[in-house]
Amino acid sequence: MKRKLLSLLCCVAMMAASVTGCGKAETTSTETTENSSTESSSSTSTETKIALITMDSIDQHWVTLNDGAQKAASELGVTVSFMSPNTKDDAQQIECVNNAVAGGYNAIMVAANGPDAISSALNEAVAAGVKIVYVDSPANVEAEATFSTDNKAAGKTAGEEMIKKLEADGITSGDVGIINVNAATDSCVMREEGFRSAFEGKGYTLLETQYGEGDAAKSQSIAENYITQGVVGIFGCNEGSTTGAGNAIKASGNASIVGVGFDKSDAILNLITDGFLLCTMAQNPDIMGYEGVKAAVQAINGESLGGKVVDTGVSVIDAAAVGGSSESDGAEVTASQEWKIALITMDSIDQHWVTLNDGAQKAASELGVDVTFMAPNTKDDAQQIECVNNAVASGCNAIMVAANGPDAISSALEEAVAAGVKVVYVDSPANVEAEATFSTDNKAAGKTAGEEMIKKLEADGITSGDIGIINVNAATDSCVMREEGFRSAFEGKDYTLLETQYGEGDAAKSQSIAENYITQGVVGIFGCNEGSTTGAGNAIKASGNASIVGVGFDKSDAILNLIEDGYLLCTMAQNPDVMGYEGVKACVSALEGNSLGGAVEDTGVSVINK
């Protein structure tokens with residue numbers, strides 16, 4: 001989710017005087033209620049001013065918290081000013097509190113940097129008649145109410161998730177690094193305490209905590225130092241810490257290090273999708289903000305909240321949850337009827353397409369719609385066109401399609417659109433406008449594949465030689481982009497990329513092509529899809545020359561076995577289940593009248609090696 005904050009300003013008056021240090025994002029919501037009535041005791045008919053002061057105004061966690069606060073402000077007809085500093089700093093946060101009091105604010109919602117530093121300023125605010133509500137992290141001053149996560153319990157869950165993954169990987173001992181914000185921020189201190197408690201009685205060694213002040217760059221440097229010490233896992237206590245840990249694991253190329261963290265941002269979700277973080281503990285900052293404003297208004301209106309503490313919950317978000325957590329427009333999808341959707345992939349045999357169908361069927365079951373997997377049994381343009389025509393003739397309301405090529409199927413799809421059928425692309429698009437596309441950034445993933453091959457060859461002392469490429473055909477857009485990305489990784493290197501050979505995605509044909517490459521003395525072979533990769537690995541296995549570096553795409557039992565046995569270095573694992581799941585949701589959303597605007601969603605890729 002992309003949000004643009006207005007320029008961070010100094011906390012200006014409220015009075016006319018100019019002040020420094022405390023940044024203020026001028027995000028407010030005002031609404032009159034003269035002509036409306038409500039039964040809620042939280043409503044107010046006079047201007048009410050609430051200051052929202054978080055640890056900073058940049059982390060997406062705080063931005064989302066402000067979104068929830070503004071929603072409540074709009075509903076209740078009050079003004080909420082997001083007047084947080086632009087960095088975590090006690091002095092700036094204290095200044096923000098003082099400015100709020102001086103500006104005549106009726107209440108302050110605050111996420112305290114630490115329990116003590118801000119206390120004197122808050123006591124003065126209370127003495128001036130200002131109501132205090134805590135969101136996320138309290139200070140040592142009594143407040144009307146607190147809305148936060150049970151951070152100790154959530155931290156323990158994070159530790160348990162890391163242990164579960166390590167033990168599944170056969171790792172029952174080793175060092176684990178912890179990156180926290182500072183030693184004073186109560187919420188993060190509790191998360192660390194809970195995390196450490198999960199390891200009691202285990203054989204792991206928890207290293208001394210390092211502090212990155214919640215800054216992603218500082219946290220990345222800390223994580224890189226941990227990695228040089230050979231840690232098996234890294235825990236980040238907040239958004240910046242977690243992002244830094246994931247970026248360090250990504251930069252190291254060692255995805256076997258288990259990264260676990262806190263908070264939910266686009267950067268963190270991408271790192272999870274790409275396999276560089278295992279999971280994150282996702283809080284609900286929007287709920288904190290929304291409920292915090294309601295509580296502040298109630299307190300201003302004279303209601304006693306008794307200092308209640310409300311746990312706003314936490315969820316574990318891993319790669320599977322990222323795939324099924326939200327649709328492209330961020331709205332919930334519901335089906336008003338049992339829509340009929342056809343799923344037409346390049347064939348019905350490759351495990352990639354079978355997995356894509358699994359994801360589609362999962363969404364279909366949840367939404368109460370019918371998805372028919374009606375792909376041809378082999379990659380053939382004529383058969384795929386026939387499938388499209390049959391879907392229209394049988395009354396399907398939408399078609400999800402992975403096109404063999406951008407042009408061959410276009411006329412059939414245009415006729416389907418003209419008949420009122422919604423079209424959504426999964427994996428590979430055609431040259432016809434669609435509601436949405438869910439696919440891998442194939443060019444970027446192909447470049448990653450090339451970089452992995454180069455890294456291995458150079459580690460083996462091989463800095464030149466021939467490399468073979470096996471593609472499906474010259475038309476399938478997804479595979480063409482993978483090859484283009486792969487070739488780009490070799491620019492400026494001394495290797496020779498041979499002329500591409502096409503195996504139509506068939507493992508046997510691809511194996512024959514790879515065997516011919518091997519007789520030419522290649523040092524590496526790249527397969528652009530599941531069949532190509534399986535064929536390349538089988539040829540390397542048959543040759544008995546495991547020094548040839550095989551790299552490919554897609555994830556199947558055959559490919560994973562070839563990696564395990566040392567005949568393939570790695571594969572770029574897409575997320576076809578995510579494509580299928582999100583594709584069905586997009587179809588239903590379009591059929592329910594929502595405009596998706598031709599959105600193109602990258603469903604991510606991970607490097608899977610031995």
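**Cysteines and a helix pair**

Mentor: Cys279 is buried, at a relative accessible area of 1%. This is a predicted model, where local features need pLDDT of at least 70, side-chain atom pairs count only at pLDDT 80 or more, and totals for chains, interfaces and linings use all residues. Residues are numbered from 1 along each chain as its sequence is written, and side-chain values use heavy atoms, without hydrogens and water.

Trainee: Why is Cys279 called buried?

Mentor: Buried means under 20% relative accessible area, exposed over 50%, partly exposed in between (1.4 Å probe, protein chains only). Cys279 has 1%, so the label is buried. Cys387 has 11% and therefore also counts as buried.

Trainee: What makes H16 and H17 oblique?

Mentor: The axes of H16 (residues 507–519) and H17 (residues 530–543) cross at roughly 50° and come within 7 Å. Angles under 35 degrees count as roughly parallel, over 145 as roughly antiparallel, 65 to 115 as roughly perpendicular and the rest as oblique. H16 and H17 are therefore oblique to each other.

Trainee: Which residues of H16 meet H17?

Mentor: Contact means heavy atoms within 4.5 Å. Ala507, Ser510, Gln511, Ala514, Glu515 and Ile518 of H16 meet residues of H17 including Gly531, Thr534 and Ala542.

Definitions and conventions:
Axes are lines fitted to C-alpha atoms, for helices over the stretch in contact, and angles run from 0 to 180 degrees between N-to-C directions. Helices (H or I, at least four residues) and strands (E, at least two) are DSSP runs, numbered from the N terminus.
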